[in-house]
Amino acid sequence: MLNEAIAIAHEVKQPLTAVISNGNYCLRLLSESSPNLNEVRETIQEIIDAGNRATLIISRMGADLARQCQERAALEINDILSRAFELLRPELDRSGTDLALELAKNLPLLMGNPVQLQQAFVNVMMNSIEAMRSIPGQRRAIFVETGTSPKGIFVEIRDLGPGVLANRSERIFEPLFTTRTDGLGLGLPISRSIAEAHGGSLTVIPATEGAIFQFILPITAESSHR
Ligand SMILES: Nc1ncnc2c1ncn2[C@@H]1O[C@H](COP(=O)(O)OP(=O)(O)OP(=O)(O)O)[C@@H](O)[C@H]1O
Ligand SMILES: [Mg+2]
């Protein structure tokens with residue numbers, strides 16, 4: 001999954017570079033006293049082609065995820081989270097981020113793909129670690145809570161970073177939307193695809209401080225027997 005995402009990011013970077021360099025070329029052409037409009041038109045067409053290529057790569061990724069999510073097992077969501085914490089341990093230590101857990105006991109089992117769900121939790125927590133680079137080291141903490149709600153199991157991941165502006169709460173889930181210089185803007189769209197492929201959702205919920213991301217993962221009749 002992760003390798004696949006990296007491969008896709010790599011593929012997407014190529015058309016994006018083409019968009020940027022062709023865009024700059026257009027600006028240069030247009031700054032001339034009598035610009036060659038045919039050349040401008042051709043270059044804009046190349047920009048559109050590159051944009052279409054990137055869109056195709058991303059939508060293929062969604063289809064691949066949906067297919068892979070067919071491979072499922074009965075899972076204890078707290079176990080999956082524990083594995084995600086293990087993977088993140090070096091990043092948590094390096095950034096001095098505390099982890100505060102409130103995990104419900106005896107949650108119903110959930111039918112799902114363990115590797116993908118783990119990846120989704122890692123992506124969201126990595127974002128929290130990155131978001132909290134801007135606050136003092138001793139305040140950095142991630143709060144993870146699990147429990148049941150009428151819609152299924154919920155997993156809430158909260159941090160004390162700058163938070164997400166209300167008018168960005170959907171944009172951040174768009175592929176390639178990033179505010180980080182080294183970000184690809186793929187972590188959240190991938191995580192949301194994974195939640196949705198499990199019949200669930202991933203949203204950012206309003207917070208007075210920091211950011212709160214909430215996964216809802218429905219429990220199906222076949223999965224709820226322990
Ligand atoms: N916990 C958070 N607090 C504040 N902003 C956040 C948080 N999580 C995500 N964001 C915003 O959403 C954007 C998109 O996140 P996403 O994970 O999709 O991409 P990214 O982290 O920028 O890059 P990558 O592809 O490496 O994950 C981030 O660049 C950031 O602006
Ligand atoms: Mg990210």
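User: What share of the residues of the chain count as buried?

Analyst: This is a predicted model, so every value here is computed from it. A residue counts as buried if 20 or more other C-beta atoms lie within 10 Å of its own. For the 226 residues of the chain, the share that counts as buried is 28%.

User: Into which domains is the chain divided, and how far apart do their C-alpha centres lie?

Analyst: The division gives domain 1, residues 2-68, and domain 2, residues 73-223. The separation of the two C-alpha centres is 30 Å.

User: Which pattern do the helices and strands follow along the sequence?

Analyst: The chain has 5 helices and 7 strands. Its C-alpha trace spans about 70 × 45 × 30 Å along the principal axes. Read along the sequence, the elements give the pattern α-α-β-α-β-β-α-β-β-α-β-β.

User: Of the contacts between residues at least 6 apart in sequence, what percentage join residues at least 24 apart?

Analyst: Two residues are in contact if their C-beta atoms lie within 7 Å. Among the contacts in the chain between residues at least 6 apart, the part joining residues at least 24 apart is 75%.

User: Is α3 roughly parallel or roughly antiparallel to α4?

Analyst: Two packed helices are described by the angle between their axes and the distance between the axes. For α3 (residues 77-95) and α4 (residues 114-131), the angle is about 30 degrees and the axes are 9 Å apart. Angles under 35 degrees count as roughly parallel. Therefore the relation of α3 to α4 is roughly parallel.

User: How many nonpolar, polar and charged residues does the contact of α3 with α4 have?

Analyst: The two helices meet in a right-handed crossing. On the α3 side the residues include I80, L81, L87 and L88, and on the α4 side they include L117, F121, V122 and I129. Sorted by class, the contact of α3 with α4 has 13 nonpolar, 2 polar and 2 charged residues.

User: How many charged residues does the contact of α4 with α5 have?

Analyst: Helix α5 covers residues 187-197 and packs against α4 at an angle of about 145 degrees, with the axes 9 Å apart. The crossing of α4 past α5 is left-handed. Residues of α4 in this contact include L117, A120 and V124, while those of α5 include L188, I190 and I194. By class the contact of α4 with α5 has 8 nonpolar and 6 polar residues, and its count of charged residues is: no charged residues.

User: How many of the residues of α5 are buried?

Analyst: The buried residues of α5 include G187, P189, R192 and A197. Helix α5 is largely enclosed by the rest of the structure, because its buried residues number 10 of the 11.

User: Which residue just after α5 takes a positive phi?

Analyst: Most residues other than glycine have a negative phi. Just after α5, a positive phi of about 75 degrees is found at a glycine, G199.

User: Where is L176, and what is its phi?

Analyst: L176 has 16 C-beta neighbours inside 10 Å and therefore counts as partly exposed. The loop that holds L176 runs between β5 (152-159) and α5. L176 is a residue other than glycine with a positive phi, near 75 degrees.

User: Which residues is I172 in contact with, leaving aside its neighbours within four places in sequence?

Analyst: I172 is placed in the loop between β5 and α5. With 20 other C-beta atoms within 10 Å, I172 is buried. Its C-alpha atom is separated by 7.9 Å from that of G185, 13 residues apart along the chain. Leaving aside neighbours within four places in sequence, the contacts of I172 are V164, F177, L188 and V204.

User: Which residues does I216 touch, not counting those up to four places away in sequence?

Analyst: I216 lies in strand β7 (residues 212-217). I216 counts as partly exposed because it has 19 C-beta neighbours inside 10 Å. Not counting residues up to four places away, I216 touches S149, K151, G152, F154, G200 and S201.

Methods
Residues are numbered from 1 along each chain as its sequence is written. Chains are lettered from A and ligands numbered from 1 in the order in which they are written. This is a predicted model: local features need pLDDT of at least 70, side-chain atom pairs count only at pLDDT 80 or more; totals for chains, interfaces and linings use all residues. Domain bounds come from an automatic or database domain assignment. Helices (H or I, at least four residues) and strands (E, at least two) are DSSP runs, numbered from the N terminus. A residue is buried if 20 or more other C-beta atoms lie within 10 Å of its own, exposed if 12 or fewer, and partly exposed in between; C-beta atoms are placed from the backbone. Axes are lines fitted to C-alpha atoms, for helices over the stretch in contact, and angles run from 0 to 180 degrees between N-to-C directions. Angles under 35 degrees count as roughly parallel, over 145 as roughly antiparallel, 65 to 115 as roughly perpendicular and the rest as oblique. A crossing is left-handed if the near helix is turned anticlockwise from the far one by less than a right angle, and right-handed if clockwise. Ala, Val, Leu, Ile, Met, Phe, Trp, Tyr, Cys and Pro count as nonpolar, Asp, Glu, Lys and Arg as charged, and the others, Gly among them, as polar.
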